[in-house]
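Q: I am new to this structure. Can we go through it feature by feature?

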Amino acid sequence: MGVTANNSRALPWALVTPALGWTLLFFVLPFLAMGLSSLTAHEGGSFTLANYSQFLTDPSYWRAMVNSLEVTAIVTVISVLLAYPFAWILAEQVPERWQRLALMLAVLPFWTSYVVRSYSWLLVLSQNGVINRALTNLGLVAEPLQLANTRFATVTGFVHFFVMLLTLTIFANLKQLSPSYRKAAADLGAGPVRTFLHVVLPLTLPGIMVGAFLTFVLCIGDYITPQILGGNNELLMPQLVMMQIGRRGDFPLASALSIILMAVVTVAYLACARWLKIERA
Amino acid sequence: MSSNLTCILKSHLRAATAAAALLLATGAQAADLNALIWCDHADPALLQPFEEANGVKVNVKEFEGTGAGLAIVEQSQPGDWDVMVIDSIDIPRGVEKGLFEPLPEDKLPVADLFPEVKMDGSTVVGGKRYGITEKFGYNTIGYNKTKVDPADMQSMAALTGDKYKGKIAIYDYYLPVIGMAALAIGKKTAELTEADLPAIKAELLKMKANAKLVGEVTASQTALATGEVDILVGGGEWVTAGLAKENPALDFSIPKEGAVLWSQSLAMFKDSENKDMALKFIQYIMSPEGQARLATSSCYWGMPANSKAALTDDQKKILRFDEQPGFLARAQSYPAPNADLDKKMQDVWTEMLQAQ
C-alpha cells in the first residue's frame, strides 16, 4: 500500500522531470549566466551596476525601448483588428469542409523563410517596387513615396506575419464557442451586434489575449524585421543588444539590455495573465 | 569571495558552452582545418584548390565583428580553431588574450605586400608578426555615375549638401564612417580623441539628415544596386567591383579629404593542433593565385595585399589596380581607438542612429 502511494507520488515527478530538466538547462541556467554577466564590467569583470545605469541615463538607449514598445503596440493593435474579422469569417462564414483548406492558405506565409519574406517586402515597398510603380503609373503620386526603410515598412512586415498567428488563436477560440450562447442571446432579444459585443467578444477575449501576448513577445524581441525593413532609421531594443556584441563583444551590456527586455515581457505577461488562464493550473 | 564565486560559475558556464560549441562544430575532424572567417573566404572557388592540393577539408565558420569572433574562440576548447580572419587593427586584441601564434616572416611573402598595408603597427606586437594583411580597400564614397555628377563625388561636402538629399545610404559600421566624418572636418583618423567626438557627431548628424537609410553590407549594397539610393557613404570597391559586370555604372571616388583604409589579416591560433596545415593555408591565401581568388571572391571584392596577385587585366581594371599608389597616398588609417574611446564612438553612432 505504502509502495503504491510512493509510486503514485513519484510518477508525476518522473513525467515532468524531462520538461523541468530542459527548462533548467536551457532557460534557468542561461538566464542566471546572463544576469551574472549583466552585473560585471566589460573590462576587468568587476561587479558593477553601470550597465543598467547606462540604459537609464542615456536617452539614445531608452529611446530604443520606447521605439520597441511603440512598434509592438501598433503591430499588436493592427494585427488584432485585421485578424478578428478574418478569423470570424473563417469560423462562421466558410463552410466546415473548406475551413481546413482556408486555414492552410491562411498560414502559407509561415512556410517561407522569415528573412526571405522580409527581403520580399523590401522589394515590394522600395522606390522601384510594385506599390510605388502602381501609384506613379496611376498618376496618384508624382514622386515615389518612401515606404521602404521606415517604421511603416517594419510594421507592415510584422503585421503580415502576426495576423496569421492571431487568426489561428482567435479561430480556435471561436470554434470552441457553443452555438447555444448565441441562441440564448437571440431568445432574450439581443440583435447580432449586441450579441457580438456582449457575448461573443467577451468569450473570445482569451483567444485574442493569447494571440496578442504571443505577438507582443515575438515582436518586441525580433531583430530581423526591423533590421531589414527599418533601414536603421531608428533603433529597436534587439538591434541595440546586437550592436553591443558585434565589434566590441560587450556581453555584459548586451546582457543587461536583454534582462530589461525580459522584464518588460514579464510585465506584459502579468498584465495579460488574467486572460491567459495560467492560474487554472 | 563573490568574485571567486563569479569566476567559478563563469568557468563552469564556459565549459558547458564549449561543450555545446563542439557539438555544433561543422563536423570537424582532427585532420581538418578549422577557420573562423569572413564571408569572402567561404567561396568554394577559393577553398577548393587548397583542399584538393592538400587533401584536407577546410571547415569554415563566418562571424561578424571582432567581438563576436573572439567570443566564439573563448567559448571553444583550445585547439578547436586553426586560423582566423580579423580586422588588422584588432590583432593586438587577440595577442593580449594570448590567442595567436607568431608567424614565420621568412615563409611568407611579406616583401611583396603593398608597403602601406603591412600595418606593422597592428600586425607586429613585441617584435613578432602575429598577422599578415591579406586584403584591403577603402571606406569612401560609392556612387552611381549615371545618377550623380562624378565631379561632386570628389568632395565630402556633397554628402551633407542639399543636392543629393534622400539619395544617400550610410554603411552601418561606426569605425570607418566615423573616420570619414573625421576626414570631412579635417581631422586625422590616427589622432582622434574624445575631444573630437562632438564635432564628429555633428557631421554624422548632417549626413544622417541627408540619408535614406543606414544599412549593413547587404542592405547598403542592395540599395545602391537597385537605385534606391545613388550614393553610399562608406562604400568603395568592396561594393562596386563585384557588381561591375551587372552594373558598370557603379563606381567609387577617393575625395580630396581622403578615404579610410580598411584591411583584413590572417592570424594563426597558438593552440592549433594543425599548425603546419594552418601555415600552408596562410601561404596559399597569400600566394599570387590565392590572392587573386580572394580579391574576386563572390561575397565581396577587394584589393589583394600582395602586389603580385595573379589578377587578369579586366579584374585589375575593375579594382583600379594601377591607381592604387595614388589612392594609398591619400588614404588614412582605420580608426583604432582604445576600449574606452571605442565605447564612446559607438555611443555617438547610437545617438546618430536614433536621431530623427
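Q: Which strand of chain B does E12(B) join through three bridges, and is that pairing parallel or antiparallel?
A: This is a predicted model. The partner is strand E14 (residues 331-333) of chain B, and the two run parallel. Within this pair, B:Leu261 stands opposite B:Ser333.

Q: Which strands pair with E12(B) in the antiparallel sense?
A: Take them one by one. Strand E3 (residues 83-87) of chain B is joined to E12(B) by five bridges. There, B:Ile86 faces B:Ser265 of E12(B). E4(B) is joined to E12(B) by two bridges, with B:Glu101 opposite B:Met268. Strand E7 (residues 132-144) of chain B pairs with E12(B) over seven bridges. In that pair, B:Tyr138 stands opposite B:Leu261.

Q: Is strand E12 of chain B mostly covered or mostly open?
A: Start with the general idea. Side chains in a regular strand alternate between the two faces of the sheet. Now the case here. Strand E12 (residues 259-269) of chain B is mostly covered, with 11 of its 11 residues buried.

Q: Why does B:Met119 count as buried?
A: Count the C-beta neighbours. The cut-off for buried is 20 or more within 10 Å. B:Met119 has 24 inside 10 Å, so B:Met119 counts as buried.

Q: Where in chain A is A:Asn149 found?
A: A:Asn149 lies in the loop between helix H6 (130-137) and helix H7 (151-176) of chain A. Phi of A:Asn149 is positive, near 60°. A:Asn149 counts as buried because 28 C-beta neighbours fall inside 10 Å.

Q: What does UniProt list for residues 65-272 of chain A?
A: An unreviewed UniProt entry lists "domain: ABC transmembrane type-1" for residues 65-272 of chain A. Over this stretch the chain is 78% helix and 0% strand. The end C-alpha atoms are 20 Å apart.

Notes:
Residues numbered from 1 in each chain as written. Chains lettered and ligands numbered in written order. Predicted model: local features only at pLDDT ≥ 70, side-chain atom pairs only at ≥ 80, totals over all residues. UniProt positions renumbered as here; feature names shortened; annotations may be inferred. Helix = DSSP H or I, 4+ residues; strand = E, 2+ residues; numbered from the N terminus. Buried ≥ 20, exposed ≤ 12 C-beta atoms within 10 Å, placed from the backbone. Pairing = 2+ DSSP bridges.
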